[in-house]
Amino acid sequence: MTEGISRMPNRAMLRAVGFTDEDFDKPIIGVASAGSEVSPCNVHLDDLAAIVKGSIRESGGVPLKFNTFVVTDGEAMGHEGMKCSLVSREVIADAIELVVRGHQMDAILGIGGCDKTIPGTVMAMARLNLPSVFVYGGSILPGTHNGRNVDIVSAFEAVGKFSTGEITEQERHGIECAACPGPGACGGMYTANTMASAMEAIGMSLPGNACIPAVNAGKKDDLVRAGQALMELVRRGITPRQIMTREAFENAIRVALAVGGSTNAVLHLLALAVEAGVKLDIRDFNAFYDSTPTLCDLKPAGKYSMNDLFRVGGVQKVMRMLLDAGLLHGNCLTVTGRTVAENLEGVSAELGGQDVIHSFEKPVSPRGPISILMGNLAEEGAVLKTAGIGEFVHRGPARVFESEEQALEAILNGTIRKGDTVVIRNEGPRGGPGMREMLAPTSALAGAGLMRDVALITDGRFSGGSHGMLVGHISPEARDGGTIALLRDGDVITIDARAKTLSVELSTAEIASRRKAWKPREIAYATGALAKYARLVSSASRGAVTG
């Protein structure tokens, strides 16, 4: 973009944004910030970008900051806006690709906070395969109400508690005001913190990056080191696809399960594997579920927040434990230019004096929080969240709803009974479109005391803050003629977490008869981004990618 006499006009424009003669011989580093005033997760990211720009310049590069964007799940939840959330992951990846390719940048420093800004940013890095480092903006600190910690999921669950009369209006309002005390992504092991942990494990973030709280003084040093590390990658020619190998993905899956992560890790790691050119199948996750205990007692199913994990040693301590147990590939290259094993030298696996991280001998759960179900209701797979429930068998009649709003109304008005299986369909990647998360109904079930008595299945997905007997990502989805489209009220559905099956008690002939009479529901959008997405998106079993 800057070399030779023919690029004189290009250089003239760059001088207007601060370039000097000396800068034209230096690497141009794109600093992709998801900074935005629309959410606490991202409100501080441009401030972080300013710090890392200084580090890049001091290390010999010329930083050019540009903004991506965010659709914030917590604010989009429960209404039409959530249809835009997963779509934003694809658009963020596309936006970074277009800016970096369009301006022929030499490397990428990406900063993300909210759920889709993390995978969207790293997907672009894998796609472009230029030297890259991802920096997580950090987690929010817990709020305090009446002497106890609260967070955004406390607010969602308070909706159910208030609707049943369990809490007063004063209590409800107090939780609302205290839940989000400042900058940072949602504080439990929800999707943002899960994906930050996975990106540290896969090697695309610096060691320790995932757990540093947004407002912690150590964040500045983390950013300075990130800029320095990126410039070293540029000098050595190390690119994302050298880092994000199949073994690195296995490390990411293992860590996501050990910390008690979100089901969205399945969707995003499958999508990232597509961009990295790594073969990863949804069924591969079960081998890791079976062999990885849940070691961290973190929300939503547990007691603690990401800030507590940071306090006792962070993701690095968990990785050290997994490495010592032979459950991590220590030879994988990372953005430090060193291997996983080399990064973990000197990290202690000592667990005394705390109960946030548990030992292999006394884990939170003997298996991970996420498994993949197959069966006549999920021929391409579905994702089961076991956190807080463990392995179970639930057999109950279907209560079928065509949208999240219909199901939430039924839960809040008390018409869902113990033993029911709530079915929410036409919320898949194509049918929604956008594969909405279901935090509102799952939190309402928890708030109403039905978490262990009512199952919920959907071709949509769940927030990292959801917990209960939950099955999402059912594929094929209803819009594509999956069996979930054919269900009727009263059909008996069985979720068997031990056998990893999801089935409806209908004969093959009955299913075929219903399918013959079935017609797909029209997509609700004829133009615009959601219409484009519905035309292009793949199955959730393949990561719901559009390319």
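Contact here means heavy atoms within 4.5 Å. Keep that in mind as you walk through this predicted model.

**Stop 1**

Start by selecting the four strands, which form an open sheet in the order 2-1-3-4 with parallel pairing. Colour strand 2 (62-67) and strand 4 (132-136) to see the edges, where each strand pairs on one side only. Looking from one strand to the next, you will find that the twist averages 20°.

Now zoom in on strand 1 (residues 28-33), which pairs with strand 2 in the parallel sense over six bridges. For one of these pairings, pick Ile29 and look across to strand 2: its bridge partner there is Pro63.

**Stop 2: helices on the sheet**

Next, show helix 2 (residues 45-58), which packs on the sheet and touches strand 1, strand 2 and strand 3 (107-112).

**Stop 3: Val312**

Move on to the loop between helix 14 (306-311) and helix 15, and select Val312 there. Is Val312 buried or exposed? Val312 has a relative accessible area of 12%, and because buried means under 20%, it counts as buried.

Which residues does Val312 touch, once its neighbours within four places in sequence are left aside? Display Lys317, Gln354, Val356 and Ile357, and you have its contacts. Ile357 deserves a distance label: its C-alpha atom is separated from that of Val312 by 7.9 Å, although the two residues are 45 residues apart along the chain.

**Stop 4: the cavities**

How many cavities of 30 Å³ or more does the structure hold? There are three, and about 70 Å³ of space lies in the largest cavity.

To outline the largest cavity, select Glu200, Gly203, Ser205, Leu206, Pro207, Gln316, Met319, Thr334, Val340, Asn343 and Leu344, which line it. Two elements give two or more residues to this lining: helix 15 (314-324) and helix 16 (340-343). Colour the lining by residue class to finish, and you will see five nonpolar residues, five polar ones and one charged.

Notes
Residues are numbered from 1 along each chain as its sequence is written. This is a predicted model: local features need pLDDT of at least 70, side-chain atom pairs count only at pLDDT 80 or more; totals for chains, interfaces and linings use all residues. Side-chain values use heavy atoms; hydrogens and water are left out. On a 1 Å grid over the protein atoms alone, a cavity is a set of points where a 1.4 Å probe fits but cannot get out, and a pocket is an open set with protein on both sides within 12 Å along at least five of seven lines; lining residues have an atom within 4 Å of a point. Grid points are joined across faces, edges and corners, and a volume is the space filled by probe spheres set on the points. Ala, Val, Leu, Ile, Met, Phe, Trp, Tyr, Cys and Pro count as nonpolar, Asp, Glu, Lys and Arg as charged, and the others, Gly among them, as polar. Two strands pair if DSSP finds at least two bridges between them. Axes are lines fitted to C-alpha atoms, for helices over the stretch in contact, and angles run from 0 to 180 degrees between N-to-C directions. Buried means under 20% relative accessible area, exposed over 50%, partly exposed in between (1.4 Å probe, protein chains only).
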